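Open the structure in your viewer and keep the sequence beside it. The tour goes from one selection to the next and says what is there.

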Amino acid sequence: MSSTNLRDRIFASLALAGMGDALGAQTEQWSIDEIAARHGGLVTRFGTPPDDTFAGANAGKRAEVTDDASQMYYLARALIAADGRLDYDGWVSCLLDWASTSPKAGFMGPSTALMVKALQEGGDVNEVGIIGSSRRKMTTIGITNGAAMRVAPAGLIHPGDLAAACEQALVTCLPSHDTDVAISAACSISAATAQALVSDDLQQVLAAATHGGRMGERMASQHARSVAGPNYLARLEMALSIAAESRNDREFLVNMEKKVGNSVLAAESVPAALGVVCYAQGDPLRTIALCSSIGNDTDSIATMAGAIVGALRGTAALPADLLSEFLEVNHDDFDLQQIAEGLSQLAIVNMAQRAQRLSSTVSPRVQP
């Protein structure tokens, strides 16, 4: 892969994730039927988020990102500043910087909000959600999709290296999403994004999502806690089955909502996002339009799916009119060309180092 092609795919990933976020911002918390009635079918154009959405209540503008993509872009810049080796303390500093400087921080997700509040007050995040005098935490703590929605840059700097993508993803899960389900989901998105950069085969990307989810589960068994509730990989398998069996858009959307879910829970929205990637066959506009029409946490679902499909298809496949409007609206806050350049430099270095490691493990042939 040429450095130009790699950079283009990284830019497309950042852009389509943000475009999905902005498209879904106008339908968040709405039902499938409400969205279809308002938009006459799938959501395919930006609009000003109405007052009964989180973005609208936060004075969100047409084509503007919400907390979802803005956290992703802050993470990307932190990775660049850390030369691609962002540690726990660096990630906490990044998140606190986002919470104090981003106008989108007023509507951060529940798990992230609790962690940020504890850190800002000088508290111990390990005490958040403790039940009584025990060390057990409430099972509602750390099981949401906040880690997965922002994690794509961890994959973008490790093209094709699923293990490295998941290791960096783990750092971004802690301390706010220190559960097996959240880590499995975040690693799934990170791995799928990493694979999408080096592949033109959608099935390889979906296989990477499953593999990443398994790696995340294994890492969580050593670094985090197991919680009661739905298993991420089981829900992912169900989502991919629904995508393969659905005969039309409405059947797909309704079955995904009823059987998998579309809420802020990682075990619902992350499989739903990957289900859309599968059903839309990697078509960029179809992907973010379906995500924005699926109801409930539409902007997060569209952010995650958009990051993967953008990395897979590149800039030429993105809807040019939406891309132009999106970049114009968000440029003052986020220069995606500059961020993509920084991430691509890290990706090139990591690819070269990985190739060197792999070549050193190959045994030389024994001459006869």
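Start by selecting residues 180-196, helix H10, and residues 202-223, helix H11. This is a predicted model. The axes of H10 and H11 come within 6 Å and cross at roughly 145°, and the crossing is right-handed. Next, show the side chains at the contact. On H10, pick Asp180, Ile183, Ser184, Cys187, Ser188, Ala191, Ala192, Gln195 and Ala196. On H11, the contact residues include Gln204, Val205, Gly212, Gly213, Gly216, Glu217 and Met219.

Now turn to charged pairs. Side chains of opposite charge can pair when their charged atoms come close. How many salt bridges does the structure hold? There are 11 salt bridges, and the next stops visit some of them.

Select Arg9 and Asp200. Their side chains form a salt bridge, at 2.5 Å from N to O. Arg9 sits in helix H1, while Asp200 lies in the loop between H10 and H11, and the two are 191 residues apart in the chain. Is Arg9 buried or exposed? Arg9 counts as buried because its relative accessibility is 7%, under the 20% cut-off. Asp200, at 61%, counts as exposed, because the cut-off for that class is over 50%.

Stay on helix H1, residues 3-24, and select Arg7 together with Glu341. This salt bridge has an N to O distance of 2.8 Å. Glu341 belongs to helix H18, residues 336-361, and the pair is 334 residues apart. Arg7 has a relative accessibility of 23%, so it counts as partly exposed. Glu341 is also partly exposed, with a value of 32%.

Move on to Asp249 and Arg286. Which helices hold these two residues? Asp249 is in helix H13, residues 249-260, and Arg286 is in helix H15, residues 284-293. Asp249 is partly exposed, with a relative accessible area of 21%. Arg286 counts as partly exposed at 30%.

For the last stop, select Asp161, Arg354 and Arg357 together. These three residues are linked in a network of salt bridges.

Terms used. Residues are numbered from 1 along each chain as its sequence is written. This is a predicted model: local features need pLDDT of at least 70, side-chain atom pairs count only at pLDDT 80 or more; totals for chains, interfaces and linings use all residues. Side-chain values use heavy atoms; hydrogens and water are left out. Axes are lines fitted to C-alpha atoms, for helices over the stretch in contact, and angles run from 0 to 180 degrees between N-to-C directions. Helices (H or I, at least four residues) and strands (E, at least two) are DSSP runs, numbered from the N terminus. A crossing is left-handed if the near helix is turned anticlockwise from the far one by less than a right angle, and right-handed if clockwise. Contact means heavy atoms within 4.5 Å. A salt bridge is a side-chain nitrogen of Lys or Arg within 4 Å of a carboxyl oxygen of Asp or Glu. Buried means under 20% relative accessible area, exposed over 50%, partly exposed in between (1.4 Å probe, protein chains only).
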